Amino acid sequence: MSIRIKDVVHKKSPMTQGHRMCPGCGAPTAVHQGLMGVDFPLVVVNATGCLEVSTTVYPFSAWRVPWIHTAFENAGAGVSGVEAAYQALKKRGKIDKEIKFVAFGGDGGTYDIGLQSLSGALERGHDFTYICYNNQGYMNTGAQRSSATPRGANATTSPAGSVIPGKLQKPKDLTSIAAAHHVPYVAQTTLFNHMDVAAKVKRAIETPGPAFVNILVPCVLFWRIDPALQGDICKKAADTRFWPIYEVIDGEWKLSYKPKKRVPVEEFLKPQGRYSHLFKGEKSKALLEQAQADIEKDWEYILDRCKETWEPQD
Amino acid sequence: MPQAIEIRWHGRGGQGAKSGSAILSEVLFGAGKFVQSFPEYGAERQGAPMKAYNRVSDQPIRKRCGVQNPNVVAVIDPTLLDAARPTEGCDNNTIYLINTPMSPADIKKKLGLPDAVKVITIDATKITLEEFGQNRPNAPMLGTFAHIFTEVPIQAFVEHFAHKMAKLPEKVLSANLRAIRRGYEEVQIG
Amino acid sequence: MPRKEITSGNWAFAEAMRQINPDVVAAYPITPSTDIIMKFAEFVANGEVDTNFVTVESEHSAITACVTASAAGARVMTASSANGVALMHEIFPIAGCFRTPIVFGLVNRSVGAPINIHCDHSDSMAQRDYGWIHLYCEDAQEVYDSAFMAIRLSENNDVLTPVFVCQDGFITSHGFEPVEYLDDETVKKFIGERTPINPLLDIENPVTYGSFAMSEYYFEIKRQQIEANKKALELYDGIAKEYEAISGRYYPMIDCYKTDDADYVIVVMSSASGAVKDVVDEMREKGHKVGCLRIRMFRPFPTEAIAAALKGKKAVAVLDRSLSLGGTAPLAAEVRSALYAAGELIPTNSCIYGLGGRDFFPQYAENIFMDLINGNISPEEHYIGLLE
Amino acid sequence: MSGCKNWKEMKDVGKPKKWQDVPMGGIAYGASAENVETGQWRSIRPVWNEDECISCMLCWVQCPDRSITTDENGKVTGVDYFYCKGCGICAQVCPKKAIEMRPEAEFA
């Protein structure tokens, strides 16, 4: 299962250069890294979002593989239709290749507007992998909050004001929701380690039946980070346990990454402009404490699910 | 003779007025007629009074509206004589076909119909209770229609039913076939 | 001896689906089209078709899966009604633009509120401008026959446009009447195999469907769809004549019933046409020169054929089973526009009838004709069968 | 019939000049964005120092634009300035500091 860079460096990525994503955007990195270990011919279905818009500015397409986008809320249904056609044409002898199907959606198209469609596709058991490139907000329309936006983040529809300090609600746990569909493979990762991303996506695609991978990716505009810090901030998300790295294989939860030390959440939050208000004034202390408390609680849940213990070297 | 004979069925949801009208249209279609059958749909469920319709003609039927002035009114549940309005839109040429132990004369009295009106009664409920222990008046009602469409022999009704319901267990099927025939034989015409 | 059965419009369409045996059907149930899907599910369950039947979780997903399956290269069918059609609204123009053939059994039903399950054309009329071909059927036989013609038209390489085969909810969909079926082999030969252009599953020649096209190219892509519609108008009759050759039944785009020498004509669509035709016969016996023009193809709109059929008439009434609230009802607007473009300034009554399943009786048609004959013509709508 | 009907035609037409030439269905042919010079966006430029580079490929694997070029042996050969948008990730992740970000103005 392990992937070595020297084996994949000559392979052309399913996504070409010449796309119009922002410099330093995490989404194209997720695509390149995720798909770099995959050897099957792929067909890609994309929900509306940054990745969709910026890779297909007509008449140019940055997709080296067949690719289709219809709308925002229906990548799950879209991939179902293509996969259904493939199975039908294969059964009728009109196609003989082994093809795999991947859907990409941002957190908007996955957590929110597209959740029904995704849930339907997971339940029906199509052979596909859904990859959520999750930057925790609606970036294509200008950094609005989504149900993946963390508590306390300053988004344009949950701005940090003088009374309300950014988003008040905790994000939904979509990876658990996907796992609750009892599909063969579910995973959560971030761009902290390219090999982890590549291995998880490869496994998802090679597993027959539906699979879901939730990849936390930075948006330089929303997170307000230096674009060069893409990898660093993702590493901090993993090390602070803000974004646990795990997979669920046939219902077995498996922790993929245990940070060695107990790193306070501030290390993840502080470099990001969207949290700058949490580091000003007295009131913000409570907000930081809340953020840390959220992490502790969620981490306990993950440890319990994975039947793991954690002993940091403090 | 009007261009099409129009039939209105009164039943209760779940009683089979819809399938009764459908099977009737099939029998008459088999006998070379142009036919149409359609129920009235609403939000009502099991037990609510409902209506279904047939048109039967020697010519193609183009009209697809509800039947306003039926030539035949079929009432498959006697309680509907009070709960529905079986005489609505009818005139003295309308023929009534009613599942009831009552005589045609009593029905005329009950519905306020003049003597000249033709009423056919049949105790379809009793027949089906005797034949298969359930109140499903459809089969005898179907047989009774052989008195309306006199050019179609009762045997055609029986044969169509036997063919269509061939998958029924032999015992159930033969009980139904007997019920159709009794529906034809045990009528009171007045 | 052709097989002839008493069946409903829904079951007739389902039987056509069985004979077509599409690669993919993705569908979600809604009254009154549900029977189509249930009957088809039985065919699947009993191995009478080997279609990949995708039981999606909503109409939005149904039409999405149809579009992507068609783009993949599959032959695709589905069915829906009313709010289901409304929920699909977003995806219809995408299907039109992608030039993905789909044959869609649309069972016309009003779109709430108030919620109502009965027939009117407000569901399909709301989708008239999105690059789908609209065929409106008078009876179950026509529904059945249209399914095959729709496959041919939709998959024609010059057309490649999805098709709605519309029938009136409950009236046609649930009414039982005789339908003559073709045998399976004849159907198979008539519809042939789909040969997709640029299918998504062509791994060697990868294409991108659904790009982001700004002002630089959007217009040009739409202009091509206009061309596809013109081609549909041009090619339809050839397909209808080919179908006549195998079935003995011919369905022109417009059905001119005794209009040639008529002075007064009712223009109407779908099941209500039958009552109008009956009235035409009755009134002709009384010496009135009346006729019925039934529009079968509403999109693309056969403007010239309609203007030619109505040329020189003394007055025309156009019957709409839907509204364009705040404007002229859809069919009336089209017919008036067609007449004006042809230089025919014929007095026209716009009559609204049958909303939410309000029945259309023959005496209504007679009243509408008498209004035309008596010169009772006015620009504001006439309401047929309204409590007033 | 209007619009390119096959992949080959579509590829040849490039940027269509009139509506009849637009590929049917508004589809684009795969990988055509390789013609798009996103390097024009760049205001800072990664400058690669061959002597320091150990070809660990971290820059290659982290580059969102796949702008790190390699040879047939899988060794880094430089930066493709036709595409590179100048995000600076390559310089940030380089363990040997073999890539330096310098203002584009210096190269005008």
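# Interfaces and salt bridges in a predicted model

Me: How much area is buried between chain A and chain C?
Reply: About 3300 Å² is buried between chain A and chain C, and carbon and sulfur atoms give 63% of this area. Buried area is the accessible area (1.4 Å probe) that two parts lose on being put together, summed over both. This is a predicted model, in which local features need pLDDT of at least 70, side-chain atom pairs count only at pLDDT 80 or more, and totals for chains, interfaces and linings use all residues. Residues are numbered from 1 along each chain as its sequence is written, chains are lettered from A and ligands numbered from 1 in the order in which they are written, and side-chain values use heavy atoms, with hydrogens and water left out.

Me: How many residues does the contact take from each chain?
Reply: The contact takes 43 residues from chain A and 44 residues from chain C. Contact means heavy atoms within 4.5 Å.

Me: And how many salt bridges are there between chain A and chain C?
Reply: The count is five salt bridges. A salt bridge is a side-chain nitrogen of Lys or Arg within 4 Å of a carboxyl oxygen of Asp or Glu. Glu204(C) forms a salt bridge with Lys97(A), and their closest N and O atoms are 3.4 Å apart.

Me: Which elements give two or more residues to the side of chain A that touches chain C?
Reply: They are strand E1 (42-46), helix H3 (50-55), strand E2 (67-69), helix H4 (75-91) and helix H6 (115-124) of chain A. The largest share, eleven residues, comes from H4(A). Helices (H or I, at least four residues) and strands (E, at least two) are DSSP runs, numbered from the N terminus.

Me: What classes of residue are on that side of chain A?
Reply: The side of chain A that touches chain C has 23 nonpolar, twelve polar and eight charged residues. Ala, Val, Leu, Ile, Met, Phe, Trp, Tyr, Cys and Pro count as nonpolar, Asp, Glu, Lys and Arg as charged, and the others, Gly among them, as polar.

Me: Changing topic, how is chain C divided?
Reply: Chain C has domain 1 (3-247) and domain 2 (254-384). These bounds come from an automatic or database domain assignment. The centres of the two domains, taken over C-alpha atoms, are separated by 27 Å. Their contact takes 28 residues from domain 1 of chain C and 25 residues from domain 2 of chain C.

Me: How much area is buried between those two domains?
Reply: The buried area is about 2200 Å², with carbon and sulfur atoms giving 54%. The rule finds six salt bridges across this interface.

Me: Where do Arg321(C) and Asp168(C) lie?
Reply: The side chains of Arg321(C) and Asp168(C) meet in a salt bridge (3.8 Å, N to O). Arg321(C) lies in the loop between strand E14 (315-320) and helix H12 (330-341) of chain C, and Asp168(C) in strand E7 (residues 163-168) of chain C, so the pair ties together parts that are 153 residues apart in sequence.

Me: Are those two buried or exposed?
Reply: Both Arg321(C) and Asp168(C) are buried. Buried means under 20% relative accessible area, exposed over 50%, and partly exposed in between (1.4 Å probe, protein chains only).

Me: Why can such side chains pair at all?
Reply: Side chains of opposite charge can pair when their charged atoms come close.

Me: What about Lys33(B), which residue does it pair with?
Reply: Lys33(B) forms a salt bridge with Glu151(B), with the closest N and O atoms 2.8 Å apart. The pair links distant parts of the chain, 118 residues apart. Lys33(B) counts as buried at 13% relative accessibility, whereas Glu151(B) counts as partly exposed at 48%.

Me: Which residues of chain C are linked in a network of salt bridges?
Reply: They are Glu138(C), Glu142(C), Asp255(C), Lys277(C), Arg294(C) and Arg296(C). Over all chains, the count comes to 70 salt bridges.

Me: Last one, where is the place of Ala62(C)?
Reply: Ala62(C) is in helix H3 (residues 59-72) of chain C. Ala62(C) is buried, with a relative accessible area of 0%. Not counting residues up to four places away in sequence, Ala62(C) touches Ala26(C), Ala27(C), Tyr28(C), Val56(C) and Met88(C).
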